[in-house]
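Hello,

Here is the structure I promised to pass on to you.

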Amino acid sequence: MYVAVKGGEAAIANAHQLLADRRRGDRSLPAISIDQIVAQLGLAVDRVMAEASLYDRELAALAVRQARGDMIEAIFILRAYRTTLPRFGMSVPVDTASMKIERRISATYKDLPGGQLLGPTFDYTHRLLDPSLLTDEPVAEPLRRTADESSMMRVSDILAGEGLIEGDGQMPEDHVPGDLTREPLEFPLSRDLRLQALARGDEGFLLALAYSTQRGYARTHPFVGEVRIGEVEVELDIPELGFAVSLGPVQVTECQMVNQFQGSAKNPPQFTRGYGLVFGQSERKAMAMSLVDRALRAEEFGEDIVAPAQDEEFVISHSDNVQATGFVEHLKLPHYVDFQAELDLVRRMRAEYDARNGVEKSDPIRDAAE
Amino acid sequence: MTDLATYNFAYLDEQTKRMIRRAILKAISIPGYQVPFASREMPMPYGWGTGGVQVTAAILGPKDVLKVIDQGADDTTNAVSIRAFFQKVANVAVTTKTRDATIIQTRHRIPEETLTAGQTLVYQVPIPEPLRFLEPRETETRKMHALEEYGLMHVKLYEDIARNGHIATTYAYPVKVEGRYVMDPSPTPKFDNPKMHMSEALQLFGAGREKRIYAVPPHTDVVSLDFEDHPFEIQHFDKPCALCGAEHVYLDEVVLDDKGGRMFVCSDTDHCEDRREHGHAGHLLAQQEAAE
C-alpha cells in the first residue's frame, strides 16, 4: 500500500535505493562513464541540452545516466539545475552565416555558394542492423577537408537578393528579448518568445504537429531552404569594456524553411520563412520547429486559422514535455479525497436512477462491523 | 562539477523569492485574482505541488514550523517527500500538529481544526482557472474575469440541476471571493469550502505549471456559488469516524475485504490522532480494545 501509515518515509527511501540498484545494473559490467555518453550517445546528449535549454555536454550526460536513459527525465533533471543559475547577461545574436559548418544542405538549389555538405548524417544509410557494432571493431578515420574560413552565404540571403523572400525583419531599437524562464508567458506571444518556447519544446510533439501541416492541416507548401549544423561563437556584450567578448563556441542546428505565400492586401506574393534553431545536432527538431513556427505565423499573414498547428495557445501551452509529463504523471498521486466525493455523488445519483426505474437494490456497503 | 549542490535557504535564490513575494503581495491585495508569476522549474515534477512549494519557499523563515499534508494526511508519500525537501534545504522545524504549525502546505484538504491568526495555509493548485473547463483559452478567461462575466459558470451549475436535480460538482467547487472574483479553491472537497470563509488564517494558492498565485487574506468573504432555491450544501456522512468517533468531519472510505466491507475514517490524520489521544474512540477502535 503506497500510503502505508507512518511507512511512507521508509518506503520512499527503499524505492530510491532500488532505483539506484537498477540504474547501475549488473555489477560485473563496468559502469558507463560520462565521457562515453558524451562521445558515443552524443545525439541523446544534444537533445537533453536542447530541451533543457542548457549547453553543457557533461551535465547533460550526467542527467542521461542518472535518468537511466529516460530522455524527458534527463531533460527535467538538467532544467531543475538550470533554473537555479543566475542570469548574468544576454549574448549578442549568434551569426549563423559565419558558422563553422559541418553539414549544410539545401533542397531548393542544386548547387549554391559553399556547396552542399552532407556531414555526419543518417540520410542515405540503409537501416540494416550492423553486426560489426556488436563488438568493438576498429573504425576508420573520416576524410577531412581543409578548413574554409570564409563564411557560407545563407540561402535566405540568396533569395533576398531578388526581393522574393521576406527579410529578417527588424525589432524596434528598444526591444529587449523576452525570457520565458524569467517571465510568465502571456498570449499572444511575440515571436522571440514563441521561438524560445519551440526551441525547448518536445521534439516528438513538434514533429507530430509539423507532420500534420504536411498532411493538410494548415499546409504551408514548405521547402528546406537550408539546414546547417556547425559551431557558432557566443559573444557577450560587456558594458564596461564597450565591446563583445567571446564565451566560446556552441554547436547548433539551424533550419530555414521556405514557404510559398500568395500575397495579401498587405504583402506582395513572395516566399515566407519558418525558422528553427536548436542546440547540438538535431535536424528533425530544427525542421519540425521551422514548420510549426511558420504555421504559427498564420495571423501575421492573414491566413485562416483552421488547424491545431496554427493555434499558438494550444501549441505553446502543450509543447513543454517537463510540464506535460509532470501533470500527466501526477495522476498517480493519491486522489482519494476527491474520489470519495465523486463516489458519494455517483452512489446518490445511482440510487435516484434506480428509484426512478423501480430497481430493487441491496446496499453493497455493509457496515464493516457487521 | 563537484560544487553542484550548493543551494540557497529554502532552495530558491533570493531574487526568485522576491519575485514570488511580490506576486503574493499583489494576490493578497486583490483577493481571488490570479497573479501570473515566473514559476521556476523545481526539483519535483510539475503537477506534484511545485506552485505550493514555491510559495512556501518564498515565505518560509528559519523560525517557521512547517506541516505538509496531502489528502488530509501527513504521511502520504508526496507529503512526506515535500516535508523532507524543506527539512533538507531549509532545515526548518516540522510538525504534524495543525495547531503548532505556522505554515501548512496542503493538497486537497483544509484541516478540520479551525486555523488561527498568524497561520498560513498554502494550497497546491493544479488548474487555477475556475472557468477552464468551460473555456480552454487563457486569453478568453482573463477577459471574462476582467468583465466579471461569470454567467457561463452559473449556466453550468444550472444545467447540472436541470439534468441531475442537484449540482454535480463535488470538489474544486467554485467560490466568489469578496464579492468580486470567482475562484477555484483547488481540488478540495466542497465539504471544506465553508472553512475558507472569514478564516483568520492567510490562505495562499500556488499553481506552478500554470504560473499563477492567488490569495484569500484573513477575514475575507468566500461564498460558494449556488441558487436561492438550490442552496450550497456540503457532503454529509452517515457514520462517524470508525477510529475516533468524530462526526461532521470529512471521511475516507477504506476497503477492508473483498466482500464489500468498508470503514470510514477521518481524512485529517492529525485531527483523528488528537481525538484518540483525548480518549475518543470510534466503534472499530472500541471493538479492538474490547477484544484485547
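**What I found**

In chain B, B:P36 stands opposite B:R212 in β9(B). That pair belongs to the contact between β1(B) and β9(B), which pair in the antiparallel sense over 2 bridges. Please keep in mind throughout that this is a predicted model.

The sheet around that pair is an open one of 7 strands, with the order β1-β9-β8-β5-β4-β2-β3 in chain B and mixed pairing. Its edge strands are β1 (35-36) and β3 (93-94), each of which pairs on one side only.

Two helices of chain B lie across this sheet. Helix α1(B) lies across β1, β8 and β9 of chain B and runs at about 45° to β9(B). Helix α2(B) lies across β4, β5, β8 and β9 of chain B, running at about 150° to β5(B).

How many residues of α2(B) are buried? For this helix, residues 50-59, the count is 9 of the 10, so α2(B) is largely enclosed by the rest of the structure. The buried residues are B:T50, B:G51, B:G52, B:V53, B:Q54, B:V55, B:T56, B:A57 and B:A58. Their cover includes helices α1 (14-29) and α3 of chain B, together with the strands β4 (103-107), β5 (120-124), β8 (202-207) and β9 (212-216).

B:V53 is buried, with 26 other C-beta atoms within 10 Å, where 20 or more count as buried. Leaving aside residues up to four places away in sequence, B:V53 touches B:M42, B:M44 and B:I82. B:V53 and B:Q105 are 52 residues apart in sequence, yet their C-alpha atoms are 7.9 Å apart in space.

**Where the chains meet**

The contact between the two chains takes 51 residues from chain B and 45 residues from chain A. On the side of chain B that touches chain A, α3 (77-90), α4 (138-146), β11 (251-255), β12 (261-266) and α8 (283-291) each supply at least two residues. The largest share, 4 residues, comes from α3(B). By class, that side of chain B has 19 nonpolar, 19 polar and 13 charged residues.

**Chain A**

Chain A is divided into domain 1 (9-82), domain 2 (91-120 + 151-170 + 178-326) and domain 3 (334-370). The centres of domain 1 and domain 3 of chain A, taken over C-alpha atoms, are separated by 47 Å.

One sheet in chain A is open and has 4 strands in the order β1-β2-β3-β4, with antiparallel pairing. Strands β1 (100-105) and β4 (272-279) of chain A stand at the edges with a single partner strand each, so one side of each is left without a neighbour in the sheet. From one strand to the next the twist averages 25°. Strand β3 of chain A (residues 243-259) is joined to β4(A) by 8 bridges, and the two run antiparallel. A:V252 stands opposite A:F279 in β4(A).

How confident is the prediction for chain A? The mean pLDDT of chain A is 90, and 95% of its residues reach 70 or more.

Happy viewing, and best wishes

Terms used
Residues are numbered from 1 along each chain as its sequence is written. Chains are lettered from A and ligands numbered from 1 in the order in which they are written. This is a predicted model: local features need pLDDT of at least 70, side-chain atom pairs count only at pLDDT 80 or more; totals for chains, interfaces and linings use all residues. pLDDT is the predictor's confidence in each residue, from 0 to 100. Two strands pair if DSSP finds at least two bridges between them. Axes are lines fitted to C-alpha atoms, for helices over the stretch in contact, and angles run from 0 to 180 degrees between N-to-C directions. Two residues are in contact if their C-beta atoms, placed from the backbone, lie within 7 Å. Ala, Val, Leu, Ile, Met, Phe, Trp, Tyr, Cys and Pro count as nonpolar, Asp, Glu, Lys and Arg as charged, and the others, Gly among them, as polar. Domain bounds come from an automatic or database domain assignment. A residue is buried if 20 or more other C-beta atoms lie within 10 Å of its own, exposed if 12 or fewer, and partly exposed in between; C-beta atoms are placed from the backbone.
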